[in-house]
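Come and read along with me.

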Amino acid sequence: MFMQGLTYVIPLFVWPYLMRVLGAEKFGYIGFGLAVNQYLMILVDFGFNLSATKRIALAKGNQTEINRIFSHTLIAKLLLCSVSFLILCSVSLVPQYAIYRPVLFLLFSMVVGQVFTFVWLFQGLGKIRVVTIVNSLTKLALLPLTFWLVRCPEHYLRAAVLQAVVYVVAALASDVMMCRMKLAKFVGVKWSEVKEALQDSFPLFLSQAASSVYAMLFVVILGYVASPDEVGRYAASEKLMRISCVLVFTPIVQAFFPRISRIAQTQKQEAYRAIERLMIVGGGVMLFVFIVLFWGAEPIASLLGKGYEGMGLLSKIMAIVPLFVTLGGIVGQVGLLATGGEKDKQVYRNIYLCAAACSLFLVSICVPIWHAEGAAWALLLTEGLVCLAMLLAYRRMKKR
């Protein structure tokens, strides 16, 4: 958790610097390009970061089975990467998105790097410490380059390249570690196994893709109706808020998901107690984050300089979102998915599908009228509904 937390502390230094140096307009280019490519990364992941992790964790000690899971998962992710590139080409042809085209293609190397990172393998085998240390050191090594190479708004393409390079170098480093530790090797698999892996992960992919409608796609929708400056202000507020979310939520899930998956096989009540302890810790930290984001919104906006006027209001609207994301995410991913069965997996998927439909309805009404503020309110309402639905679903599961 410490090393994974470090991975998300590093952007606390990089992103404010980029926001200030690039200005709202050029940071809007970066924010838009990241939103599109991070959505494509979800397509490439296809839920394998949960489904393959759980299968690897349950196969621990059986190297033949681990090699088989590794191989068909890699083939599936390569196929999905090809589909992602075709989608990117289609997006770049939309006239309103033409100004973002260079950034879109430069950042696509993040998607390629994601294919070959194999975090799901390390996590399933309980080796998450190794890959997290490698990723953290990679980001620390590349951090000084941002301050050296990006010094004015015209350097926004350099900023895009550096963002992508982090993923590519991290992928190469983790692959070297995987080979040296002999964790898995590629073996021949049947197409039916690849198809089965895709089918098994499809409900999780739908859940993640649906949740990302309001986590990432809002920026894309805003970019269609608003100027790059306004996109930049919203992206800056949303980025600072998301950093706060992943600083606590992502380390908790990655550290405890495989462990609680194994405990739940034989000791359900012990798994539930562990989940509830995680909720107390995560919720307490996020209440503190809410206070910081809400009362520090205006000072943060003023520090970023000209072009970010109005960002303080956006940050105040989003300030409570990290609490909703953390509590809903813990009971959803570590609760419903790690300890539940197929029925709970379907409930998890359905919550996010309903939330996606709700968020699209809200954003279609709010964004054309209020632009960035409308997107912020739509995000807040959607995340609140997801958190409430996850808590109710987890409570029903415990009573069974």
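**Entry 1: a pair of helices.** I am working with a predicted model, and I began with helix H14, residues 321-339, and helix H15, residues 342-370. Their axes come within 8 Å of each other and cross at roughly 150 degrees. I noted that this makes H14 roughly antiparallel to H15, because angles over 145 degrees count that way.

Which residues make the contact between H14 and H15? From H14, I wrote down Gly 332, Gln 333, Leu 336 and Leu 337. From H15, I wrote down Asp 344, Lys 345 and Tyr 348. Sorting the contact by class, I found three nonpolar, two polar and two charged residues.

A reminder to myself: two packed helices are described by the angle between their axes and by the distance between those axes.

Entry 2: Next I looked up cavities. How many of 30 Å³ or more turn up in a search of the whole structure? The search finds two. I picked the second largest cavity, which holds about 60 Å³ of space.

Its lining was my next list: Ser 237, Leu 240, Met 241, Leu 293, Ile 300, Ser 315 and Met 318. Helix H10 (228-266) and helix H13 (311-318) are the elements that give two or more residues to this lining. H10 gives the most, with three residues.

What classes of residue line the second largest cavity? I noted five nonpolar and two polar residues, and no charged ones.

**Entry 3: the whole chain.** Last, I stepped back to view everything at once. I found 16 helices and zero strands in the chain. The radius of gyration is 20 Å, close to the 21 Å that the globule rule gives for 400 residues, so the chain is as compact as a globular protein of that length. I also jotted down the span of the C-alpha trace along its principal axes, which is about 55 × 45 × 35 Å.

Methods: Residues numbered from 1 in each chain as written. Predicted model: local features only at pLDDT ≥ 70, side-chain atom pairs only at ≥ 80, totals over all residues. Heavy atoms only, no water. Axes fitted to C-alpha atoms, helices over the stretch in contact; angles between N-to-C directions. Helix = DSSP H or I, 4+ residues; strand = E, 2+ residues; numbered from the N terminus. Parallel < 35°, antiparallel > 145°, perpendicular 65-115°, else oblique. Contact = heavy atoms within 4.5 Å. Nonpolar A, V, L, I, M, F, W, Y, C, P; charged D, E, K, R; others polar. 1 Å grid on protein atoms, 1.4 Å probe; cavity = no way out; pocket = protein on both sides within 12 Å on 5 of 7 lines; lining within 4 Å. Points joined across faces, edges and corners; volume = space filled by probe spheres on them. Rg over C-alpha atoms; globule rule 2.2 N^0.38 Å.
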